[in-house]
Structure formats: C-alpha cells, structure tokens
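Colleague: I'd like to learn how to read strands, cores and pockets in a model. Could you walk me through this one?

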Amino acid sequence: MKIQWLAASAALACLAGCASAPIEPQDASRLSRTHGFVQAQFPIMGPIDTLPGLADTTVLRNPATRAEYKLRRTEAHGPNAHGLWVPAGTYELPSFKSRAGGAFDVVVVESGRITDLGAILPIHFGDDELGTAIVQHPEVAASRAQAVAALAPHLTQRDPLVWQPASPPRASHVPAPSSDKGLIGQILVAHERHMNSAPINARLKAASTNEELLRLARTAAAPGTDEVGADRDGNVYWGAAFGQVRKRSATGEWSSVDVGTLQAITAVEADGEQLVVGTDRGEILAVSRDGGSRRKLASLGAQRTILDIDRVGARWFIIAAEVKPGTVALPSPKVLWYEVHTTTNEDLSGLKLLHRHDQGFQPHIVNGQHGRGEAGVKTYFVYGFDAQPLQIDLQSLSVATPKTPALLWLHVAPDRSVISAIAPGGALTKAYLSTDQGSTWQQIDNPPYPVYDMQFESPTEGHATRWTRGGMFTSELEFMRYDAGRNTWTVDHTAPAGCMRPLRNAQRSHQFCLTRGGSVLNWVGGTWKAEFVAN
C-alpha cells in the first residue's frame, strides 16, 4: 500500500526533529534547579501535498531576551514526544499568532516542573492555508505520565503545567499552485449547491476551539493510502491522518471511523466485523466497522511504519519498514529497510519475523506503488521496493526472489487468474502478464510513459493510469484501457487538471480522483461527479 501523505508530512517531521549535527545531552540534575522541562507531541501527519515555507512549531522564544530554544525528539517519553529543559520564564511560540493578528497564548515555565504543550497538529484548510490544532488527548496524557516518571528525581512538583489555548492560532499561508479551479471548481460548486451545505474547509476556518477544529479535521481527513480495505457489504476503507479510516459506502456516502489515536493510519485490512489497521508508529489496532470498539493488538516499535496488513486464509502478513523523514529541501521520505512478519493467531499475537531486507538494500523514495503484498493461489508476493519482489510460499513459508524479469509493481487479479507487473525504466518501461502464478511472464505493450499504475482483471482486460508529461500541477492523469486484440493502450477518460491522484474502488481499480483540496470526484456515467467536497 502507499503512504501518500508521507512525502507531504516529511517537512513537518523534519521541523519536529531533524538535526544537522549531534546534539549534546542536557544534564537534568543541574538544570532542574533553574529550568523547567517543556514537552510537546508532534504526530507525523500532514496534508496531501508538500508544503514549502512551513513555519517551525518546535521553537520557543523568550520575548524579553529574544533567546530561542528548539525542542528535541525524546522518544523515551513516547513515540511523538519532543522536549527540552529551558530557563524558567514566560515564552511564546513565534510561529503562532492570534486570529486577530496579535500575540498568541504564552507558555509559562517553572523551574523543576514539566510544562506540557499537548499535541500540535497541522491541518490543511485547502488551497494555500494551513491551520493548527493544539489539543490534549489520552496519548498526550500517557506521554506526559512517562515524562513525569522519567524525570521524577529532578522535579520539585510532579503536577505538570498544561498549556490549553482557548482558540486555535491564525492560519498561515503556504505558497502552492492553485489547483481546484476550472472544471473541478465547477463540479464542486454544483455539488455544494445541490447539497445546500458549506464545504468542510469553510467550517474548519470558522472553528472557534481547538477541539472543534480537530473534530472537523477528522471528518475531512483525505484518504492517504493507495491500497484499500473492502468488506462484504461493498464498503471501501482508506487510512488517513488523525487516527482516521475514511469509509465510502457502496452507495457513495463518505464518513470516518475513528481509531482513537493521533497517529496516521497507514494500512487497513477489513476482517469480518472489524478493521485491522497499522500506524506510522508501528502499532497494529483493531476497531469495529462502526468505530464503537477499539483495542491494541500488537506493536512492532515506534521506528517502524506499518505498510501493509493482509489476511490470507488463517494467516496474517504484516509488512513494516523504517521510513526516514526527508528534509525541508528534499521532503521525500526514504525506506531504509523492510520486514515481513506473520502469525496465524486470530488476535495477531505471536507475530514472528519471516524476512528482513536490509543487506544490499538501496534506500529509496516512497512513491506511488511502494511497499505492499498480494496473495496469489499458492504464493504471497511482496513488491514495490527498489528490489526484486519476494515470493513467499503460503504452505512452507519459504522465501524466494525471482531473478527475471526485474519487476517492481505487481497486481494479482481479484480472481487470481492473472498477475500483471511493471518493470519501470523511464522510456524503456516494460509490462508483463503471468497466467501461471508468476512462473513465466509474457511481455505486452506497456502503457505510455510515465506510468502511474497498471492492473489486469483478466488476461484480456486491463486498466492503467499515467501522468501526461509536465508535472503534478501542469499535467493530467489519464485513465487507459488495454486493447487485447491490437496489444495496445487507448485513453478511456482524463481526470480534470487539479486531480492529485486516483483512488481505488472495492475491486482495487482506479475510479476516483482526489483533488489537492481533499475533495473526491467519481467517474460515473461517463462524467466526473463530486462525492465529497472539502473546499
């Protein structure tokens, strides 16, 4: 499955913890006499495209001395925790202003005491505006308790100061190309008039409290994963930010299932009456389809991102990886290594490491089709990394690596009758089909470069998506169909300019378009129609 929002949030992750040189540890026993410990949570999540010029929200500034202090990652206090001992006094977060444009709520620091800033969450308002919610949450309270326990010998008071601004800070403007104009704009306006309700982004901007802002943001979180979960009723599920699973019903209604975490949901598997989901902090959780019950199943460690969860018969497969955040200059994150874990226990207990790929593994940028698994008749395929796909025998669990062809993207048809694959190589990209579960491959005409994805439902019925040349904001996404009689590809329809990426339906084929503003269009009846309007 794809972690689409990772590239977007890389700048956020870097601002919340990247360093160009080793940082000397602080001596708490000495500093606690004159300093207090400031802690905040920065969950790695973000909007659906990169945000150049993003302000650094990890910096405290003393308004009297103008001295600045940057919070450091402190994973001992929780996977998203950042903290620092700073001199007692009153501070401001210079990146925040009140909605009226004046000073924002100050932060008070007392010597020998913890000041908890809560979770600081970036929220995309659409187009070029980025808001922030500052909230308390059970995960924040748990991290605060960890900090109190770890720093107890140095604290004069165990009761922390909790920072709770009454209202959100003013939104900031982030330069970005305008995209929801033209045809997309007309489609969204028509839908808004039909529904007679304000777009969600307008309500986000009007939210008067941080809690209201987060609540609304959860309902509007853009689908963030490429692979979907689909249940027997035709509902489709995508992972999203703010602990949300976006749900589309069989009749086209959109809603959210709250998993109860601030972590981003990076993998979703529908399993009977429950959804089994993975997070960008290595946790595996179960939630009922209506969100009524939740429980933690397993954790693979905060340094791992869960890329895919699959149930094949009685066996579970979990694909996890370490993903290195990018920098402000190079925001695309990179996969450093990946692992495959498995168990046959219903509750995913007893997960065992089946394979780890790190020797000779070239770190690479996360993009469209990286990091997933799919089951054939007798084989579980792991692909989408800059390495040959793995073939895991479903009976013996033996792991093999085919030598030819050099495939990277791979899809198994819903009825498992055919496997389609791409060997990317720019203008030399090659496409293949296998009707014997990957034992042999037949080369076919490849979709025109640059290919986004290709998938076959049968040996003669295939679909592909490709970007026309020009780039994300100046090119269009074409939906293509395979002509088996002529062994060639033809354009079936084109997404409006401003479509950021396609979304899959319950059959795992691309059918929907996600706009930069977070709205969803559906290709139905030979035309694009709005199903969910965010802006």
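Colleague: In what order do the 4 strands of the open sheet lie, and is their pairing parallel or antiparallel?

Modeller: Keep in mind that this is a predicted model. In a regular strand, side chains alternate between the two faces of the sheet. Here the order is E16-E17-E18-E19, and the pairing is antiparallel. E16 and E19 (294–299) are the edge strands; each has a single partner, so one side of each is left without a neighbour in the sheet. Direction ignored, neighbouring strands are turned by 25 degrees against each other on average.

Colleague: How many bridges join E18 to E19?

Modeller: 5 bridges join E18 (residues 283–288) to E19, and the two run antiparallel. To find your place there, look for isoleucine 284, whose bridge partner in E19 is alanine 298.

Colleague: Why is E21 described as largely enclosed by the rest of the structure?

Modeller: Because 8 of its 10 residues (E21 spans 315–324) are buried.

Colleague: And which residues touch the most other members of the largest nonpolar core?

Modeller: In soluble globular proteins, nonpolar side chains tend to be buried together. In this model the largest nonpolar core has 32 residues, and Ile123, Leu204 and Phe242 touch the most other members. Elements supplying at least two residues each include strand E8 (114–126), helix H5 (200–206) and strand E38 (510–515). Helix H6 gives the largest share, 5 residues.

Colleague: Last one: how much space lies in the second largest pocket?

Modeller: Rolling a probe the size of a water molecule over the atoms shows where empty space is left. For the second largest pocket, that space is about 510 Å³. It is lined by 26 residues, and the closest to its centre are Glu227, Glu374, Ala375, Arg416 and Arg508.

Notes:
Residues are numbered from 1 along each chain as its sequence is written. This is a predicted model: local features need pLDDT of at least 70, side-chain atom pairs count only at pLDDT 80 or more; totals for chains, interfaces and linings use all residues. Side-chain values use heavy atoms; hydrogens and water are left out. On a 1 Å grid over the protein atoms alone, a cavity is a set of points where a 1.4 Å probe fits but cannot get out, and a pocket is an open set with protein on both sides within 12 Å along at least five of seven lines; lining residues have an atom within 4 Å of a point. Grid points are joined across faces, edges and corners, and a volume is the space filled by probe spheres set on the points. Two strands pair if DSSP finds at least two bridges between them. Axes are lines fitted to C-alpha atoms, for helices over the stretch in contact, and angles run from 0 to 180 degrees between N-to-C directions. A nonpolar core is a set of buried Ala, Val, Leu, Ile, Met, Phe, Trp, Tyr and Cys residues joined through side-chain atoms within 4.5 Å. Buried means under 20% relative accessible area, exposed over 50%, partly exposed in between (1.4 Å probe, protein chains only).
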